[in-house]
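Work through the exercises below with the structure open beside you. Try each task before you read its solution.

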Amino acid sequence: MRTTPLYQAHLALGARMVPFAGYEMPLQYASITAEHRAVREGAGMFDVSHMGEFWVRGPGALPFLQYVTLNDVAKLRVGRAQYSMLPSAQGGVVDDVYLYRTAEGEYLMVVNAANIGKDWAHLVALSQGFDVELENASDFFALIAVQGPQAVGALQGLTDTDLLSPRKNDTFMGKLAGKWVRFARTGYTGEDGYEVFVAPDEAEAVWEALRSVGVTPCGLGARDTLRLEAGFPLYGHELTEETSPLCTPFAWVVKAQKDFYGKEALLGQDCGRRLVGLVLEEGVPREGYRVLHGGEEVGRLTSGTYSPLLKKGIAMAYVRAELAGPGTRLEVEVRGRALPAVVVELPFLRR
């Protein structure tokens, strides 16, 4: 198992470490619920240094990225970012990514940790014929996500850089706790905050500075419950190489007016099933549980948990398209019991 530059800091805090995407990562430090609430009510931080980072540079960077991603890269000005996906040849998704335009002819793509090797090979293969330079810079970044209603205030106390004026999806360089970092007003929790790109050998100093101003360290457990409350997909669960984004609430990312890899396969699919949100009044739903309608299986859960804020079970599932409308009454089979569930629009929690 690999470790991140913050591994020793996690051990010093008594974190419960687990294998994740080839890394030994903190699941929790004390309580998943407490860490979840810290982000919803104050400020929490996550070590996401396991994520991958690719530089895309050169005169052909824009046409290349337009071809290999689904969103409209031409809309990105320098200093702006966007959520996107890498389409597969089958009309599914190779990965979901975040793309940052850092300078003229220069972009930084952040990819999921488990997909670094696959994504890199995919992009290199498709780069043939484009005047573009690719660099896998994953080992040259540590990444700390600082999230919550008090996150920006906590960060502002450690820098002279203005963090209050930038908008969501802005990105820029500045100093944090005396270290040069890249700030990105992005995140995966549904809360405001910044993701902080920092040199690996300076990550622990930034982490400790954030702890000193009251930012709570949080693990993968809280990260998953937070992203699910916020209605965000997780690759390998809601998104795969076989699932069409057009059959999900994230279809907005597909810009059909441009040419992109796998376009004919993607646009040619029918949505016999759709990704929906489900709320249960009782029981804790988990990935893989059956979704029933009149005793018949009509889908499977892709993710599920107990929402600490809603105090209900919440889940996402692919179900038959005719049953995907909000308000539809279904059941989820939890430990042999068919428990009532209702289809709702995402996100579960609106902030």
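The model is predicted. We begin with a cavity.

**Exercise 1. How many nonpolar, polar and charged residues line the largest cavity?**

Step 1. Start with the class counts. The lining has five nonpolar, one polar and two charged residues.

Step 2. The lining residues are Met-25, Pro-26, Phe-46, Asp-47, Cys-218, Gly-219, Leu-220 and Arg-223.

Step 3. Find the elements behind the names. β2, β3 (44-47) and α7 (220-229) each give two or more residues to this lining.

Step 4. Check the volume. The largest cavity holds about 30 Å³ of space. A search of the whole structure finds one cavity of 30 Å³ or more.

**Exercise 2. Is helix α7 mostly covered or mostly open, and what covers its buried residues?**

Step 1. Count the buried residues. Nine of the ten residues of α7 are buried, so each of those nine has under 20% relative accessible area.

Step 2. Name them. They are Leu-220, Gly-221, Ala-222, Arg-223, Thr-225, Leu-226, Arg-227, Leu-228 and Glu-229.

Step 3. Look for the cover. It includes β1, β2, α2 (32-41), β3, β16 and β17.

Step 4. Place the helix. α7 lies across β16 (296-307) and β17 (312-320). It runs at about 120° to β16.

**Exercise 3. In what order do the six strands close into a barrel?**

Step 1. The order is β14-β17-β16-β15-β18-β19.

Step 2. Check the direction. The pairing is antiparallel. Strands of a sheet pair through backbone hydrogen bonds, either parallel or antiparallel.

Step 3. Zoom in on one pair. Strand β15 (residues 290-293) and strand β18 (residues 329-334) are joined by two bridges.

Step 4. Pick out a partner. Val-291 is bridged to Val-332 in β18.

**Exercise 4. Which residues of helix α3 are buried, and what covers them?**

Step 1. Go along the helix, residues 61-68. The buried ones are Ala-61, Phe-64, Leu-65, Gln-66 and Val-68.

Step 2. Think about spacing. An α-helix has 3.6 residues a turn, so residues three or four places apart point the same way. Keep that in mind as you look at the buried positions of α3.

Step 3. List the cover. Among the covering elements are the strands β4 (52-57), β5 (80-87), β6 (93-103), β7 (106-111) and β8 (133-136). Helix α4 (116-126) also belongs to the cover.

**Exercise 5. Where does Ala-21 lie, and where does Ala-177 lie?**

Step 1. Find Ala-21. It sits in the loop between β1 (16-20) and β2 (23-28).

Step 2. Phi of Ala-21 is positive, about 55°, although the residue is not a glycine.

Step 3. Find Ala-177. It sits in the loop between β10 (171-176) and β11 (179-184). Phi of Ala-177 is also positive, near 50°.

Step 4. Ala-21 has a relative accessible area of 31%, so it is partly exposed. Ala-177 is at 30%, so it too counts as partly exposed.

**Exercise 6. Which peptide bond is cis, the one from Leu-346 to which residue?**

Step 1. Read the bond. The peptide bond from Leu-346 to Pro-347 is cis, with omega near 5°.

Step 2. Locate it. Pro-347 lies in the segment after β19 (337-344).

Definitions and conventions. Residues numbered from 1 in each chain as written. Predicted model: local features only at pLDDT ≥ 70, side-chain atom pairs only at ≥ 80, totals over all residues. Heavy atoms only, no water. Helix = DSSP H or I, 4+ residues; strand = E, 2+ residues; numbered from the N terminus. Buried < 20%, exposed > 50% of the residue type's maximum accessible area, 1.4 Å probe, protein only. 1 Å grid on protein atoms, 1.4 Å probe; cavity = no way out; pocket = protein on both sides within 12 Å on 5 of 7 lines; lining within 4 Å. Points joined across faces, edges and corners; volume = space filled by probe spheres on them. Nonpolar A, V, L, I, M, F, W, Y, C, P; charged D, E, K, R; others polar. Pairing = 2+ DSSP bridges. Contact = heavy atoms within 4.5 Å. Axes fitted to C-alpha atoms, helices over the stretch in contact; angles between N-to-C directions.
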